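Here is a short report on one protein chain. Keep the sequence and the 3D view open as you read.

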Amino acid sequence: MPNIKSAKKRVITSRKKAVGNNVIEASRRTAVKNFEKAVKAGDKELTNEKLNIAIQRIDKSAKSGLIHKNKAARLKSRLTKMKNNME
């Protein structure tokens, strides 16, 4: 445990940020998995809806710095490709 006051504050703020980051990251992963399930089910309307949600979550992760912008682009490209090959 840190002894200096500012170090104690950093511990508290880093915990808060870690919790927020975990929420964003978990929601991104869940959205991608839900999209993949919709693709396997073959429902086009549900797939379009889940794709939009997944892209929003990916963009939010990239904006907050959890994932690199190139990884975000790669993920969105893969998901879009899955949707297009489904048809």
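Which residues make up the largest nonpolar core? Ala31, Val32, Phe35, Val39, Leu51, Ala54, Ile58, Ile67, Ala72, Leu75 and Leu79 do, 11 residues in all. Helix 1 (5-41), helix 2 (44-63) and helix 3 (69-86) each give two or more residues to this core. Helix 1 gives the most, with four. A nonpolar core here is a set of buried Ala, Val, Leu, Ile, Met, Phe, Trp, Tyr and Cys residues joined through side-chain atoms within 4.5 Å. In soluble globular proteins, nonpolar side chains tend to be buried together.

This is a predicted model: local features need pLDDT of at least 70, side-chain atom pairs count only at pLDDT 80 or more, and totals for chains, interfaces and linings use all residues. Residues are numbered from 1 along each chain as its sequence is written, and side-chain values use heavy atoms, with hydrogens and water left out.

**Overall form**

The chain has three helices and zero strands. Helices (H or I, at least four residues) and strands (E, at least two) are DSSP runs, numbered from the N terminus. Along the sequence the pattern reads α-α-α. The radius of gyration is 17 Å, well over the 12 Å that the globule rule gives for 87 residues, so the chain is more spread out than a compact globule. That radius is taken over C-alpha atoms, and the rule is 2.2 Å times the number of residues to the power 0.38. Along the principal axes, the C-alpha atoms fill a box of roughly 60 × 20 × 15 Å. Buried residues make up 21% of the 87 residues.

Lysine 8 is found in helix 1, and lysine 83 in helix 3. Is lysine 83 buried or exposed? Lysine 83 counts as buried because its relative accessible area is 15%. Lysine 8, at 37%, counts as partly exposed. The cut-offs are under 20% for buried, over 50% for exposed and in between for partly exposed (1.4 Å probe, protein chains only).

The table lists contacts (heavy atoms within 4.5 Å). Residues up to four places away in sequence are not counted for lysine 8, lysine 83 or leucine 51.

| Residue | Contacts |
|---|---|
| Lysine 8 | Pro2, Asn3 |
| Lysine 83 | Phe35, Thr47, Asn48, Leu51 |
| Leucine 51 | Phe35, Leu79, Thr80, Lys83 |

Lysine 83 touches Phe35 and Leu51 among its contacts.
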